[in-house]
Amino acid sequence: MKYFYILLLIFNPLNLFANIAIERSCQNLIKALELNTGAYNKCLFSKVGEKYSAEDLKACQSHYLNEVERLSYVFKNICK
């Protein structure tokens, strides 16, 4: 029983540190989602020919949409 309390004292603070690390990761994922969503919207609402060609805008939209989907999946599975 004595060893149980010793293990409890060791692992309880580790659990706290893990929770803090997960919380920081979730905050970083939110920032990355906001950044990529903003970039996707910029590509989506840009007019063809003003700055970029249609191919460039399509590639930009595809890239940022993939990033948003990937980050959303990670966020959903880590930050419940």
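Predicted model: local features only at pLDDT ≥ 70, side-chain atom pairs only at ≥ 80, totals over all residues.

Visitor: Okay. How many helices and strands are there in the protein?

Guide: There are two helices and zero strands.

Visitor: And how much of the protein counts as buried?

Guide: Of its 80 residues, 15% count as buried. The accessible surface is about 6,800 Å², and carbon and sulfur atoms hold 62% of that.

Visitor: What share of the contacts comes from residues 24 or more positions apart?

Guide: Taking contacts with a separation of 6 or more, 69% are between residues 24 or more positions apart.

Visitor: On to the cysteines. How many disulfides does the count come to?

Guide: The count is two disulfides. Numbering the bonded cysteines along the chain, the pattern is 1-4, 2-3.

Visitor: Which cysteine does Cys26 pair with?

Guide: Cys26 bonds with Cys79, and their sulfur atoms sit 1.9 Å apart. The link is left-handed, with -110° about the S-S bond.

Visitor: What does that pair tie together?

Guide: Cys26 is in helix 1 while Cys79 is in the segment after helix 2, so the bond ties together parts 53 residues apart in sequence.

Visitor: Is Cys79 buried or exposed?

Guide: Buried, because its relative accessibility is 15% and the cut-off for buried is under 20%. Cys26 is buried too, at 8%.

Visitor: What about the other bond, where are Cys43 and Cys60?

Guide: Cys43 and Cys60 have their sulfur atoms 1.6 Å apart. That pair links distant parts of the chain, with Cys43 in helix 1 and Cys60 in helix 2, 17 residues apart. Cys43 counts as buried at 7% relative accessibility.

Visitor: New topic: how much space lies in the largest pocket?

Guide: About 230 Å³. Helix 1 (2-45) and helix 2 (54-78) are the elements that each give two or more residues to its lining.

Visitor: Which element gives the largest share of that lining?

Guide: Helix 2 does, with four residues.

Visitor: Which residues line the largest pocket?

Guide: Among them are Ala39, Lys42, Ser46, Glu50, Tyr52, Asp56, Leu57 and Tyr64. Cys43 and Cys60 are in the lining as well, and those two cysteines form a disulfide with each other.

Visitor: Nice. How does the lining split by class?

Guide: Six residues are nonpolar, five are charged and one is polar. Lys47 and Lys51 are also part of the lining.

Key:
Residues numbered from 1 in each chain as written. Heavy atoms only, no water. 1 Å grid on protein atoms, 1.4 Å probe; cavity = no way out; pocket = protein on both sides within 12 Å on 5 of 7 lines; lining within 4 Å. Points joined across faces, edges and corners; volume = space filled by probe spheres on them. Nonpolar A, V, L, I, M, F, W, Y, C, P; charged D, E, K, R; others polar. Disulfide = S-S within 2.5 Å. Buried < 20%, exposed > 50% of the residue type's maximum accessible area, 1.4 Å probe, protein only. Contact = heavy atoms within 4.5 Å. Areas by Shrake-Rupley, 256 points an atom, 1.4 Å probe, with all protein chains shown as cover.
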